Amino acid sequence: MENQQLQYQHTLKGEITLSGIGLHTGAYVNMTLKPATPGHGIKFQRVDLPGQPIVKADVDYVVETTRSTTLEHNGARVSTVEHIMAALAGTGVDNVLVELDGGEIPIMDGSAYAFIEAIEKTGLQNQDAKKVYYTIDTNISYYDEKKKVEMVAMPALDYRITCLIDFNSPVLGTQHAKMKGIEEFKTEIAPCRTFCFLHELEYQLSLNLIKGGDINNAIVVVDKPVTEDELTRLAKVFNRETISVQKEGILNNIELRFPNEPARHKLLDVVGDLALIGYPINAHIIANRPGHASNVEFARAIKAYIKKNKHNKDVPVYDPNQPPVFDTPRIERTLPHRYPMLLVDKIIELGEEKVVGIKNVTFNEHFFQGHFPSNPVMPGVLQLEALAQVGGILALNRVPDPENYDTYFLKIDNCKFKQKVVPGDTMILKMELLSPIRRGLVEMRGTVFIGNKVATEADMIAQIIKTREGK
């Protein structure tokens, strides 16, 4: 189902360059975001490597989730992608090339706020290509028994997330955070910094795993007693004169931006990791104790579901209780067809680029007398004719006096018949414009649905021709 507020793809109006330290590598990295063409998606390019290899931001290329999310493909490896991916998803950027002269995204202040600021300063460019949202129509669940992680995607009309964390910590306690719509991301989620516990920090320091770590880019939670000797050693590691523990249990007296900032940052990570699905989705995500590993596995499950059910996207909903946009008399004033060749009963949706019609198939249809009387099946060519008539209404709706024009179909491509249409079926006939109408040529994609299953699909080209004088 398409989100009407963001129905077109977007890229950046100009280039963005940001620089900083990688959290885990400690290396200084220059990152440049460049505008990209429609359908390009999000891709990372390692300009420091031979051949400047590219890796697509896709869950299929995730190779590491221990402390962050790492992608690798074509010899290109890029780590800690979750914050920039969340920023791009949160601002509605669909197409961008991210050039890097190192293997890790700069950590900045540990949140996505610096990326959001840069994107908003540069601005977005509306692109002449539709943005297709995939609506989850059933619950998709993921559960990790060992880590007690539970995630579920439920049907919803927009994209919202509820995140719950519980680390058995007397400092953090049980926290939850909500994002009621992606429009809240910029102000409510993006500023929230990453966090870790002091005992984890000490362990990672001993293994030299956070070479770029600094108490300016992470919230360090102190939930156990700490000695003055330990604080002195940490101050030396972070090049500080002194380090103290706030009464709330936060190292170095850092002021939280939100009381539940850790839970909000976990939600930020969910947004970034699920952006690797590769499709914008409409769903309510509930994440209980999420982490990068579970986020990625959950993203894989959602992507697999979308790929399996991709043909079901934007299935028209037919409510027979709703009055039609066109009834049969109105259809007859637009189309020249009459019984037995009028194969549309009513139009239930009509817009600038899409039309949906209904054909109720009964045993009394004239063609069943000769088309398998003992096993009646609607001929495929008549299914295409029904689509063509619905498409004719879409085309003629664009001219000022449609009763003086007809549409003649010139070409049919990619036609597939996927299931039989039999008496008792209600055909939902959808036709969508594939490109703007030029010189009277109308290029459309047609789909016949029986319920939520595709029965027939085809690409068609028609021409609008003036054939009748005004009445």
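**Entry 1: Asp269.** I looked up Asp269 and found that at 6% relative accessibility it counts as buried (buried means under 20% relative accessible area, exposed over 50% and partly exposed in between, with a 1.4 Å probe and protein chains only). Asp269 sits in helix H6 (residues 261–274); helices here are DSSP runs, H or I, of at least four residues, strands (E) are runs of at least two, and both are numbered from the N terminus. Skipping neighbours within four places in sequence, I found Asp269 in contact with Glu82, His83, His292 and Asn295, where contact means heavy atoms within 4.5 Å.

**A note to myself on the model.** This is a predicted model, where local features need pLDDT of at least 70, side-chain atom pairs count only at pLDDT 80 or more, and totals for chains, interfaces and linings use all residues. Residues are numbered from 1 along each chain as its sequence is written, and side-chain values use heavy atoms, leaving out hydrogens and water.

Entry 2: I checked UniProt next, and its unreviewed entry puts the feature "binding site" at His83, His265 and Asp269. UniProt positions are in the numbering used here, feature names are shortened, and annotations may be inferred rather than shown by experiment. These residues are spread over 187 residues of sequence, yet they cluster in space, with a largest C-alpha distance of 9.6 Å.

**Entry 3: His83.** Is His83 buried or exposed? His83 is buried, at a relative accessible area of 5%, and its place is in helix H1 (residues 82–91). Leaving out neighbours within four places in sequence, its contacts include Phe115, His265 and Asp269.

**Entry 4: the core.** I then went for the largest nonpolar core, which has 71 residues. Such a core is a set of buried Ala, Val, Leu, Ile, Met, Phe, Trp, Tyr and Cys residues joined through side-chain atoms within 4.5 Å. Phe44, Phe185 and Ile285 touch the most other members. Not counting residues up to four places away in sequence, Phe185 touches Ala86, Ile116 and Leu268, among others. Apart from this core lies another, of 38 residues, Leu382 and Met431 among them.

**Entry 5: strand E4.** How many of the five residues of E4 (residues 42–46) are buried? I got four, so E4 is mostly covered. E4 pairs with strand E9 (residues 96–100) in the parallel sense over five bridges (two strands pair if DSSP finds at least two bridges between them). Ile42 has Val96 as its bridge partner in E9. E4 also runs antiparallel to strand E5 (residues 54–56), joined by three bridges.
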